Amino acid sequence: MDMFLTANSVPKENYEGGVALGFPLVFAPPPAYRRNPVTQQTIEPSFKLARFTCPSCNQLSDQAWFNTYANAIQNAEGVPLRIQGADLERLYHNPQFPPEVREQKLEYWTRVNNGEVFLDRWAPIHSDTFVAGLEVSACHACMKAAIWFGGEMVYPQQDNKE
Ligand SMILES: [Zn+2]
């Protein structure tokens with residue numbers, strides 16, 4: 001499995017039990033939204049709209065908006081968790097998890113390690129720490145997320161943005 005050995009890996013042996021399952025978040029769009037016709041108008045993504053042309057799939061789609069809450073990181077290191085390189089390889093071969101779960105974990109960490117931001121289903125948390133000024137929109141067509149700071153979309157980055 002050479003492909004997992006490239007990223008520089010760092011700490012920790014014992015975080016595997018705390019790793020999220022990486023199941024995709026599904027917020028159940030109506031089937032009609034899944035395949036829009038190709039010929040359609042373009043509506044620039046906007047903080048003030050619940051329907052615009054998705055920056056990820058370029059379909060004119062309904063968008064679900066999310067507030068964000070902060071959840072304190074409470075692992076031993078007290079820093080955000082990343083699993084890369086040899087650690088990811090070890091996780092992928094951990095017999096504690098069934099093969100399909102290992103595949104999900106590999107896919108999850110590969111996406112995270114590649115800088116992707118996405119919505120994912122983890123264990124429920126309780127937090128009253130609201131992140132003011134940061135919102136997330138998610139496209140009903142492709143399920144991909146966009147991140148908004150101060151009402152401006154900052155992710156995904158737009159190539160054609162001046
Ligand atoms: Zn989309």
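**Briefing: an antiparallel sheet in a predicted model**

Strands S5 and S6 (residues 145–149) pair in the antiparallel sense, with five bridges between them. The model is predicted. S5 and S6 belong to an open sheet of five strands, ordered S2-S3-S5-S6-S7. The pairing in this sheet is antiparallel.

**Sheet layout**
- Strand S2 (51–53) and strand S7 (152–155) are the edge strands. Each of these two pairs on one side only.
- From one strand to the next, the twist averages 45°.
- In a regular strand, side chains alternate between the two faces of the sheet.

**S5 with S6**
- Leu 134 has Phe 149 of S6 as its bridge partner.
- S5 and S6 form a hairpin, with five residues between the strands.
- Which residue in this hairpin takes a positive phi? Met 143 does, with a value near 70°.

**S3 with S5**
- Strand S3 (residues 60–69) pairs with strand S5 (residues 130–139). Six bridges connect S3 and S5, and the sense is antiparallel.
- Trp 65 has its bridge partner in S5, namely Ser 137.

**S2 with S3**
- How many bridges join S2 and S3? There are three, again in the antiparallel sense.
- Arg 51 is bridged to Asp 62, a residue of S3.

- Start at the edge strand S2.
- Continue from Trp 65 to Ser 137 in S5.
- Then go from Leu 134 to Phe 149 in S6.

How values were computed. Residues are numbered from 1 along each chain as its sequence is written. This is a predicted model: local features need pLDDT of at least 70, side-chain atom pairs count only at pLDDT 80 or more; totals for chains, interfaces and linings use all residues. Two strands pair if DSSP finds at least two bridges between them. Helices (H or I, at least four residues) and strands (E, at least two) are DSSP runs, numbered from the N terminus. Axes are lines fitted to C-alpha atoms, for helices over the stretch in contact, and angles run from 0 to 180 degrees between N-to-C directions.
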